[in-house]
Amino acid sequence: MPLSDLYDPGRGYLVNDTCIIEADVAVRKVVDYWSHDSKKETGYVGLKNQGATCYMNSLLQTLYHIPYFRKAVYHMPTTENDNPSGSIPLALQSLFYKLQYSDTSVATKELTKSFGWDTYDSFMQHDVQELNRVLCEKLEDKMKGTVVEGTIQQLFEGHHMNYIECINVEYKSTRKESFYDLQLDVKGCKDIYASFDKYVEVERLEGDNKYHAEQYGLQDARKGVLFIDFPPVLQLQLKRFEYDFVRDTMVKINDRYEFPLQLDLDRENRKYLSPEADSSVRNLYTLHSVLVHSGGVHGGHYYAYIRPTLSDQWFKFDDERVTKEDMKRALEEQYGGEEELPQTNPGFNNSPFKFTKYSNAYMLVYIRESDTDKIICNVDEKDIAEHLRIRLKKEQEEKEQKRKEKAEAHLYTIIKVAQDEDLVHQIGKDIYFDLVDHDKVRQFRIQKQLTFNSFKGQLPNSIVLGDTERLGASRLLYHYKLNIDFPRKKLRRSLGYQCNFNVSGYGPNAKIIHTAQTAHSHLKRKLNLALSNCPSISWMPTCRGFSLMLGVVGQLREVSNKANNAELKLFLEVAVGLDMQPLPPPEKTKEDIILFFKLYDPIKEELRYVGRLFVKGNGKPMDILKKLNEMAGFAPDEEIELFEEIKYEPNVMCEHIDKKLSFRSSQLEDGDIICFQKSPQGLSSEECNYPTFSAFLIYVHNRQSAESFVDSNDRNARIEVCGKDKSVVVRFRSLEKPKEDEFCLELSKQNNYDEVVEYVARRLGLDDASKIRLTSHNCYSQQPKPQPIKYRGAERLTDMLIHYNQVISDILYYEVLDIPLPELQGLKTLKVAFHHATKDEVVIHTIRLPKQSSVGDVINDLKSTVELSHPDAELRLLEVFYHKIYKIFPLQEKIENINDQYWTLRAEEIPEEEKNLGPNYRLIHVYHFMKDTAQNQQIHNFGDPFFLAINDNETLGEIKMRIQKKLHVPDEEFSKWKFAFLSLGRPEYLQDSDIVSSRFQRRDVYGAWEQYLGLEHSDNTPRRSYAANQNRHTFEKPVRIYN
């Protein structure tokens, strides 16, 4: 502002030579987003977003904070044997319980798994209104036959009456309908009341649009809707998304639209209610929830503002984050419209900058004030089934224990102790290379400051008490030897030492002793050598050997950690005598090395652990052959071959051992693993697939490499393209049940087409593999590909699994045909719907004929299988699409190019009156239709279309009589029908005296299906409990809950 303006008396800034300046100071608490504790700050917790599930989270929070609904969910019968991933009631109970009692945000994966959703569904954003309808429909069905049956109706169901009332005569037609939510117009309405006014607006039926009243003919009438009753919980869906006919696309309506905190639907002398409405019910509602959509027509973000107790305090539930908000933020800022930015230079006459607010209310939830005490009720643990409380409390305790352990992890270390029995149980089942998976052995969580002697004293007691039956008498043994397990794969060649510590004495007082006087210096020399040869490992060269062992456990762990192990992994060596009494472990000299032995059976393709031996380093394998045969149960002179395991990744390295060389010469040292087997000489390929241990280990490696890419619990799993010699585990699904894995087969990626179908046929017990037809998997839609794999249409298994040259799936679909696939491919298969002439039934027939066959051949084939009204009846084949007839197929047309995948093929008898039409007759199309009031009176066809032969001079009145007789419509219902001539979707309503044929163009004009006689009436065909959502704003697949 210029200084001259300040001194100008006319401006009023200076009064008595004084200028008063006022400043508004807002003190805001600085909130760290990442450290925000929703439970601590608000008392509520949020829901985790799986990818694009914010729409579901906002709806679930809204439903959860309707206590009556939550209590009903808790009372749905479930059992302790139910699995939450397969039971919607139990999954929802679990979710609600965690929202009520958890201190951190809650995951929704169990719930979506119970829906039958996969990862693809979790990353597909849907419409919250549609999910609300589908979920409530599913819960309504699940509640049937239980103590909470009817809860959904009690909470959300209201009724309105559609009426048509004649103005000049005493006639009124009414129809009562129920609703679970109301869709209110936003465009052209400033607030909710304007939307309700538009909802009950009266339409006048006059002129060409007169109403045909029973017994009174065409009459001027009023048409409208009035409400009979409103539900206790009123859900209002705001139509923020509409179809723009000018731009031919969906658009979001961001106009300002106001909604009150208190909604009075009895206003203006109850103008929204019908005379039959209960006048004793006060329809005064208070706002409970505001669901907000932020974004545009192609996507965005959902969150909710909720008043859980209907107090003045609002809360914002935005996925995991819950915050306190004021009323202005929850109401006024969600009206939408435009917002003005404050001017940065108010002294200049620049126009204010306005921008559209893309965050606005999308769904509103009101609760009737007279039902508040019933709906906002108390829900506590007594409403939750005992088995559910026990299950979920246990989950919470385990979660809390893990959290506590994580917080104290720096004070503890994990020691994993393996024994001989662990090797016996794992080798050949879980383990093929190496000795043991330490994640499946005994674990001890030990304080780092605990001395090793103290841990050593605790170890035997723990083992004895843990496996009383499994260890038998050997469990009483307190003699043991501990071996630090260094990573053999990297250190064996340079280290070649396993750090043996013998223990003398029994129980806690046992002491670690040296096995040789030079052990200390030998270990130190080996460790330093390992460091120099393995530069990738960081190692302190000042390691002091056994002095660490006698120190604290934390220091011992450091030795293991330097070798890239996160935990300390030990092996407990136990020795017993024939009388099962403890024996001291054998004395180990400098020349002694310990070797572990596995036995491979090439016939059975089995691998097992048979034991360990101390051998002299300068000895030879020939010296222990008899002992190995004894361990294997072979004859003493059995010829055996020995192999040393060296490396497994990235490729297998397994070397044959020369039995004549010494162990040292073969570079065998402490802890090495030898696998032996009977000599493979003389074994044929028919007797065994993998005659040597090396070949078997390569096979196992290839199989596990393929499986490692597949997570059997993740339906969106992928496996990368592996090497040509790799195998893969393929999941096979029946084409009729594309969501369920039926069986798995381990196949080579180089298997050809014949080999793959042969394996599948063998698994299904079929003699003829040519009757198997396979279909590939679409990795993006998670559905079978539209076209099956042709007979020998894929050279290798890889070609069947590959998707767009990038990744290969691990899923194939199969179907069992009734004829061989090569024969089927020479045929054309058509599905034809046959409409019986005198019965109200439709039967689908599958017809297979050679591809060069004609439509006439199809007709003849049908005649031999269907029931005709009389033996001489003639048939015709029609092409029907979206309830319109597009074509009558000529009898001579070839069937090879007929597509029944998207169009319906309909066969029917030709009525006698349509045969040999004279010059004064013509065949017209007759379709059923209705106008959608929610979509600007858009025409929608439904039902079965048909042909009608009419005379050039025939009036509508005469034609109506024939149509009523043909369709068997009762008089009362038929009197409500209206008749119109439609061309390109525009109706021209007809009078009974109108000549119908004059409206139609000459015969055989292309596009004749768009000119038809329309029968306007309501669609009474069976439908879902909820009408299809007309407010979808993106082109995603619809919300489905499968279980």
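1. Helices and strands here are DSSP runs, numbered from the N terminus. Strand S45 is one such run, and S45 gives the most to the lining of the second largest pocket, with 8 residues. Keep in mind that this is a predicted model.

2. Stay with that pocket. The second largest pocket has a volume of about 1,500 Å³. Its lining takes in 45 residues. Which of them lie nearest its centre? They are Ala 837, Asp 840, Lys 966, Leu 967 and His 968.

3. How many residues are nonpolar, polar and charged? The lining of the second largest pocket divides into 15 nonpolar, 12 polar and 18 charged residues.

4. Turn to the helix pairs. Helix H3 (residues 54–64) packs with helix H8 (residues 128–142) at an angle of about 55 degrees. The axes of H3 and H8 are 9 Å apart. That angle makes H3 oblique to H8. The crossing of H3 and H8 is right-handed.

5. Next come helix H4 (residues 67–74) and helix H5 (residues 88–101). Their axes come within 9 Å and cross at roughly 130 degrees. H4 and H5 are therefore oblique to each other. Is the crossing of H4 and H5 left-handed or right-handed? H4 passes H5 in a left-handed crossing.

6. H5 has another partner to look at. H5 packs with helix H14 (residues 386–407) at an angle of about 55 degrees, and their axes are 11 Å apart. That makes H5 oblique to H14. H5 passes H14 in a right-handed crossing.

7. UniProt places a "coiled-coil region" at residues 382–410, in an unreviewed entry. What does the model show over residues 382–410? The chain there is 76% helix and 0% strand. The end C-alpha atoms of this stretch are 40 Å apart.

8. One more record to check, at the start of the chain. For "domain: MATH", UniProt lists residues 1–25, again in an unreviewed entry. Over residues 1–25 the chain is 20% helix and 16% strand. The end C-alpha atoms of residues 1–25 are 22 Å apart.

Note on methods. Residues are numbered from 1 along each chain as its sequence is written. This is a predicted model: local features need pLDDT of at least 70, side-chain atom pairs count only at pLDDT 80 or more; totals for chains, interfaces and linings use all residues. Side-chain values use heavy atoms; hydrogens and water are left out. On a 1 Å grid over the protein atoms alone, a cavity is a set of points where a 1.4 Å probe fits but cannot get out, and a pocket is an open set with protein on both sides within 12 Å along at least five of seven lines; lining residues have an atom within 4 Å of a point. Grid points are joined across faces, edges and corners, and a volume is the space filled by probe spheres set on the points. Helices (H or I, at least four residues) and strands (E, at least two) are DSSP runs, numbered from the N terminus. Ala, Val, Leu, Ile, Met, Phe, Trp, Tyr, Cys and Pro count as nonpolar, Asp, Glu, Lys and Arg as charged, and the others, Gly among them, as polar. UniProt positions are given in the numbering used here, feature names are shortened, and annotations may be inferred rather than shown by experiment. Axes are lines fitted to C-alpha atoms, for helices over the stretch in contact, and angles run from 0 to 180 degrees between N-to-C directions. Angles under 35 degrees count as roughly parallel, over 145 as roughly antiparallel, 65 to 115 as roughly perpendicular and the rest as oblique. A crossing is left-handed if the near helix is turned anticlockwise from the far one by less than a right angle, and right-handed if clockwise.
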